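Below is a briefing on ring pairs and helix packing, written for a reader with the coordinates open.

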Amino acid sequence: MNMFKLSKKVQSLPPYLFLEIDKAKRQARAEGRDIIDLGIGDPDQPTPKFIIDALNRAAQDPANHRYALDQGMPALRNAISGWYKRRFNVNLNPDAEILPLIGSKEGIAHFPLAFLNPGDVALVPDPSYPPYKGGTILAGGKPHLMPLLESNSFLPDLNKIPFSARRKAKIIFVNYPNNPTNACASDEFYAQLIKFAAKNKIIIISDLAYSEMAYDGYKPRSLLEFDGAREVVIEFHSLSKTYNMTGWRIGWACGNSQLVAALAKVKSNIDSGIFSAIQLAGVAALEGPQDYLKSMCELYQERRGVLVNGLNSLGWQAIKPRATFYVWIKIPAPTDSISFAARLLKETNIVATPGVGFGKYGEGYIRMALTVSKERIKEALERLKKIT
Ligand SMILES: *Cc1c(COP(=O)(O)O)cnc(C)c1O
């Protein structure tokens, strides 16, 4: 018996569904089996050298060793503003419309604390990145699930959100290019979303973690490019996937100044900023040579071709992603996603993520990440021949 009782909020967080897979994976590793891990959404390539060099230089300077108390260094906020202008042709005021974060996950998870009262609703896509649900619950809010179905191109069907939920909703989460389904938003959807949010007085949280990871010439757009967005949108960006910096913890929120200020207020009570040397490395990333991005996308694009063509030739249903490094695959057997992932690990030593881990509407799918070499993907495909 535990002596202490968990809070109701913590008790109502969604269960962690990867326990069995994690355990089986650890055991397989301990047994020395040759595991191909397609389960992790974490780039396998190192951070570009010019960014590491900038960190090394900044780490030597004692001025960077102290608390970074203001809301991100002006140099970083200016670099973000310049990048936004170049990338999206959107003007952002570095003082009022940009807030650096210790990785975008913490900002996304903390944001609901600023606007939800007990019983308020957040509209959460399902399947989705777990902090949308988790952050809502920890703030005392109720997630109302919006199914992302293939029949609607993995976009939420706004017309199907019941009026009772619209009335109580304070926040809607969107994430395109999407993890885990790799779907991309159309301009029509974004325009409709902004109208919906303005009409119902709902804040749009747009998670743009994958804006730079796209193929075949596709350039994902910022929601802030669209008319009326400045009134209702806060957009979250991350250096994690764009510059292979997942472990560094740096990202930002930007958009409507009231929303940015509210998140800054919450955070001022929780953390004390990002290590200044990492902020300066972030400046180097955003202002440095961007040709590296092209080679990153080419690398994933090549792996994407090998994996998706290979799966299709085995008769598995998977669509080539236009963006992100995820392949969202219909399970080719009459079983659930956890059992199927367990079977893959047991019979082929391949790790894939069960779709249900992202929410109940992810059932029927598994996710594979393009985070291993082309050679290992080919080896994985050889092994998968046994499964069909
Ligand atoms: C990886 C990822 C992020 C990035 O999180 P950081 O905290 O910035 O590392 C955000 N959103 C989604 C959907 C992701 O997959």
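The count comes to 20 aromatic pairs, where rings of Phe, Tyr and Trp (its six-membered ring) pair if their centres lie within 6.5 Å, and planes under 30 degrees apart count as stacked, over 60 as edge-to-face and the rest as tilted. This is a predicted model: local features need pLDDT of at least 70, side-chain atom pairs count only at pLDDT 80 or more, and totals for chains, interfaces and linings use all residues. Residues are numbered from 1 along each chain as its sequence is written, and side-chain values use heavy atoms, with hydrogens and water left out.

**Aromatic pairs**

- Phenylalanine 154 and tyrosine 365 have ring centres 6.2 Å apart and planes at 75°, so the pair is edge-to-face.
- Phenylalanine 154 lies in the loop between strand 4 (142-147) and helix 7 (163-168), and tyrosine 365 in strand 12 (residues 365-369), so the pair ties together parts that are 211 residues apart in sequence. Helices (H or I, at least four residues) and strands (E, at least two) are DSSP runs, numbered from the N terminus.
- Phenylalanine 154 is buried, with a relative accessible area of 11%, and tyrosine 365 is buried with a relative accessible area of 11%. Buried means under 20% relative accessible area, exposed over 50% and partly exposed in between (1.4 Å probe, protein chains only).
- For tryptophan 328 and phenylalanine 358, the ring centres are 6.3 Å apart and the planes are at 70°, so this pair is edge-to-face.
- Tryptophan 328 sits in strand 9 (residues 326-330) and phenylalanine 358 in the loop between strand 11 (353-354) and strand 12, 30 residues apart.
- Tryptophan 328 counts as buried at 5% relative accessibility, and phenylalanine 358 counts as buried at 7%.
- One aromatic cluster is formed by Trp83, Tyr84, Phe88 and Trp252.

**Helix 4 with helix 11**

- The axes of helix 4 (residues 74-88) and helix 11 (residues 276-287) come within 9 Å and cross at roughly 20°. Axes are lines fitted to C-alpha atoms, for helices over the stretch in contact, and angles run from 0 to 180 degrees between N-to-C directions.
- That angle makes helix 4 roughly parallel to helix 11 (under 35 degrees; over 145 is roughly antiparallel, 65 to 115 roughly perpendicular and the rest oblique).

**Helix 12 with helix 14**

- Helix 12 (residues 291-313) and helix 14 (residues 374-384) pack at an angle of about 5°, with their axes 9 Å apart.
- That makes helix 12 roughly parallel to helix 14.
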